[in-house]
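Here are my notes on the model you sent over.

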Amino acid sequence: MIDHLTLRVRDFEASKAFYLKALAPLGYELLMEFEPPGVGKFCGLGVKPKPDLWITAEGAAHPARPGQHLAFAAKSRAQVDAFHEAALAAGARDDGQPGPRADYHPHYYGAFVVDLNGIHLEACSHHAE
């Protein structure tokens, strides 16, 4: 199982604001924020009690990497719709309207966006409604 993952971003503050807005419909919130000496700012987002998504600014040794794909689990199709709407309102680019993806499996329902850093994001539900 994946415990957490870290995204390196070009603009820390803009990306933090984006992810807080885009992932709010899925229950994500800011749970931790700190700045280790010589490393830079980090913020941890997730559903209480523990962050599972970390955001930090890119650096020379660790540049932001566009083109990656990250899918978030939604509890319902309505959450998928709300994620898509919130992400677009926060500045994402549409990469696939909410809807069924029967070629994945009969109950798959997803929505796709591209964030401020070129990272492909998805929210998906595996429920029939």
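1. Start with Ser125, which sits in strand E8; helices (H or I, at least four residues) and strands (E, at least two) are DSSP runs, numbered from the N terminus. Before going on, a word on ground rules: this is a predicted model, where local features need pLDDT of at least 70 and side-chain atom pairs count only at pLDDT 80 or more, while totals for chains, interfaces and linings use all residues. Residues are numbered from 1 along each chain as its sequence is written, and side-chain values use heavy atoms, with hydrogens and water left out.

2. Is Ser125 buried or exposed? Ser125 is buried, at a relative accessible area of 0%. The cut-offs are under 20% relative accessible area for buried, over 50% for exposed, and partly exposed in between (1.4 Å probe, protein chains only). Strand E8 (residues 120-125) as a whole is mostly covered, with 5 of its 6 residues buried.

3. What does Ser125 touch? Leaving aside neighbours within four places in sequence, Ser125 is in contact (heavy atoms within 4.5 Å) with residues including Ala74, Val80, His107 and Tyr109. Its side chain also reaches the backbone nitrogen of His127 at 3.2 Å. That one is a polar contact: a pair of N or O atoms within 3.5 Å, where within protein one must be able to donate a hydrogen and the other to accept it, and residues adjacent in sequence count only if both atoms are side-chain atoms.

4. Now the strands that pair with E8; two strands pair if DSSP finds at least two bridges between them. Strand E5 (residues 69-73) pairs with E8 in the parallel sense over 5 bridges, and Phe72 stands opposite Ala123 in E8. Strand E7 (residues 109-114) pairs with E8 in the antiparallel sense over 6 bridges, and here Phe112 stands opposite Glu122. E7 and E8 form a hairpin with 5 residues between them, and Gly118 in the turn has a positive phi of about 85 degrees.

5. On to charges. Side chains of opposite charge can pair when their charged atoms come close. How many salt bridges does the structure hold? There are 5, each being a side-chain nitrogen of Lys or Arg within 4 Å of a carboxyl oxygen of Asp or Glu.

6. Glu13 is worth a look. Glu13 forms a salt bridge with Lys16, the closest N and O atoms being 3.7 Å apart. Both lie in helix H1 (residues 12-23), 3 residues apart, about one turn of the helix. Lys16 is buried at 14%, whereas Glu13 is partly exposed at 38%. Glu13 also meets Lys41 in a salt bridge (3.1 Å, N to O). Lys41 lies in the loop between strand E2 (29-34) and strand E3 (42-46), so this pair ties together parts that are 28 residues apart in sequence. Glu13, Lys16, Glu33 and Lys41 are linked in a network of salt bridges.

7. Last one: Glu29 and Lys48 form a salt bridge, with the closest N and O atoms 3.9 Å apart. Glu29 is in strand E2 and Lys48 in the loop between E3 and strand E4 (53-57), so the pair ties together parts that are 19 residues apart in sequence. Glu29 is partly exposed at 32%, while Lys48 is exposed at 59%.
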